[in-house]
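Student: I have a model open and would like to learn how to read it. Could you take me through it, one feature at a time?

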Amino acid sequence: MKRFLGFVKKEFLHIFRDYRTLFILFGIPAAQILIFGYAVSTDIKNAGVAFLDLSHDEVTQKLTDKIISSGFFKKTETLLNYNDIDKVFKKGKTKAVIIFEADFGKKLISEGKASLDIIADGSEPNTATLITNYTAAIVNDFTMSLAGSSLNNSVHISPEVKMFYNPELKSNFMFVPGVITLILILICALMTSVTITREKEFGTMEVLLVSPLRPVQIILGKVIPYFILSFINVLLILALSWLVFELPVKGSLILLLAECMLYILMSLSLGILISTVSKTMQQAIFISLIGLMLPTILLSGFIFPIENMPKIYDYISSILPPRYFIIIIKNIIIKGTGLFYIWKETLILIVMTLAFIGLSVRNFKIRLE
Amino acid sequence: MEKVQEKVIIAHDLVKKFGTFVANDNLNFEVYAGEIFGFLGANGAGKTTTIRILSGLSKPTSGEVKVAGFDAYHQTEQIKKNIGYMCQKFSLYEDLTVKENIVLYGGIYGMSRTLISERLRELLEKLHFEEYENRMISDLPLGLRQKLAFSVAILHNPKIVFLDEPTGGVDPITRRQFWESIYETASRGITVFVTTHYMDEAEYCDRISIMSDGKIVALDTPAELKKQYNSKSIDEVFIKIARPATQGSPPLGGLGGRN
């Protein structure tokens, strides 16, 4: 046991001495959460909007206040004439310009209609569409409240969209489970396969095999640190998404952590399996990245819904462990379901884990013979 | 010094087959305590297979094999505790310090903490390494690393140390220094079992065996072999025996298992 602990300690030293390993372990997960949460987010929050108010009356002032106080927009500048529009877009901070025509308030009261232009920065089509939709919605809301009691002329009925589970359609809710899934399989499988092949490449594996350490101890000694660090990673990602995005875990936290452990175990055994078939670190990295990361991103349902895929991709994705784990944690985190609804996926992961371990042991023995 | 007659390795009719391929074909040899035993042969002659069997990594197909008094079929655990091993690639971790490497290997071989630190002191003193104690292996020059790797391989005072081409890719001066430490080790009674590609190194061995196509085709002291094959150097002997196809065919049979 003492021999074994010394060996585990050595593996921790390897990890903490290598800033690249540390970065991959903790830097990338944090960065991914923030990137997917903020940058790839399909919400808008504090989008820069400039105003060109040619009317300057009480109504435009109110409407401007309403738009700014909505929380989606922040006012970047007040423009004086049309020539400023191009300039302000070029500065980059402004994503849209809202223009009130002259005598906006007067027209609205006398004619019952007034026109307002929204010019959005089309170089970011997604944001542009969102901003125009949001603004239009706010303006509609405003005209309705103006019309108030007199329901005579311009009553617009806008379709009300309401979402289950994610009422505000917060897209980063959807990304967190995906990021956890991707990060764990990547770190566990990539790191373990690399650390084991590294010993092979440097010739230290031979020395270890000749030593009184048993092969099982060698593999466990290499894997245990990554198990612990990956688990810390899960806690980190959950804490980060809770603190930054206020994402609550609706279901049982214990069940969630237990499922994460199972998934970590699965990924580690996959990493060991990769290490038994690759001779060099490069090979291990290649298999992990091409064989695991790409399919996980593209086919596991992380970004593209499986329902929309051609059948053939559906079949391919059904042999990918991440597909099942995403279902499991989406259920626990977002819907709050219990084990009863996800036992099938859990069972599949357990079977896969055992299969990977079995295959690795077989490969390892062949190599030793 | 131990008696010359104590046998630390006994191989009797050792056979190792992989499917139908015979990697080791009826090997017979004995190695004595405190001896420097050279194990030569062209690539693919079956040397590595033999070393793997002797170091408990794989099991023989048939024949009797004893290492340090333990049976190579059932007592591989005990064998592993009693041998040291060093290969061509440096067996030290570059991102650990000298001290950490020694503590790690000492721990793997079940040495006590006090014994490890005692050995560490001795070793640092002997190699004039004191200032390197807390330096990373990657900071050390190649020659020092190799000396250290060797010292680590015999840290737990094994009965036998296997050196698998220990001087591959090293300059002549370092090689010479390395052989000095091999002599020193052997004089302490540790048996040195060494494979090498350098024929001049073979001359430094007490006895050498030459393998070809899975068989031991010659086994004797360097001087005796040179006499038998009428050669000036082991290099010449080696060319005569190990590559008979290109050299006419000197008689091969009957030489294995002398002594």
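The dialogue below goes through chains, domains, cores and contacts.

Tutor: Happy to. This is a predicted model, in which local features need pLDDT of at least 70 and side-chain atom pairs count only at pLDDT 80 or more, while totals for chains, interfaces and linings use all residues. Residues are numbered from 1 along each chain as its sequence is written, with chains lettered from A and ligands numbered from 1 in the order in which they are written.

Student: How many helices and strands are there in chain A?

Tutor: Helices (H or I, at least four residues) and strands (E, at least two) are DSSP runs, numbered from the N terminus. Chain A has 14 helices and four strands.

Student: Which domains is chain A divided into?

Tutor: Domain bounds come from an automatic or database domain assignment. In chain A that gives domain 1 (2–40 + 170–368) and domain 2 (47–147), and 47 Å separate their centres, taken over C-alpha atoms. For chain B, the assignment is domain 1 (1–82 + 159–259) and domain 2 (90–157), with C-alpha centres 27 Å apart.

Student: Why does helix α4 of chain A lie largely in the open?

Tutor: A residue is buried if 20 or more other C-beta atoms lie within 10 Å of its own, exposed if 12 or fewer, and partly exposed in between, with C-beta atoms placed from the backbone. Helix α4 (residues 83–91) of chain A lies largely in the open because the number buried among its nine residues is zero. Just after α4(A), A:Gly92 takes a positive phi of about 100 degrees. Across chain A, buried residues make up 35% of the 369 residues.

Student: Which residues have the most contacts inside the largest nonpolar core?

Tutor: A nonpolar core is a set of buried Ala, Val, Leu, Ile, Met, Phe, Trp, Tyr and Cys residues joined through C-beta atoms within 7 Å. The largest one here has 130 residues, and those with the most contacts inside it include A:Val179, A:Cys188 and B:Phe162. Its largest share, 16 residues, comes from helix α7 (residues 171–202) of chain A. Apart from it lies another core of 15 residues, among them A:Ala47 and A:Tyr134.

Student: How many residues of chain A are in contact with chain B?

Tutor: Two residues are in contact if their C-beta atoms, placed from the backbone, lie within 7 Å. Here 21 residues of chain A are in contact with 20 residues of chain B. On the side of chain A that touches chain B, α1(A) gives the largest share, eight residues.
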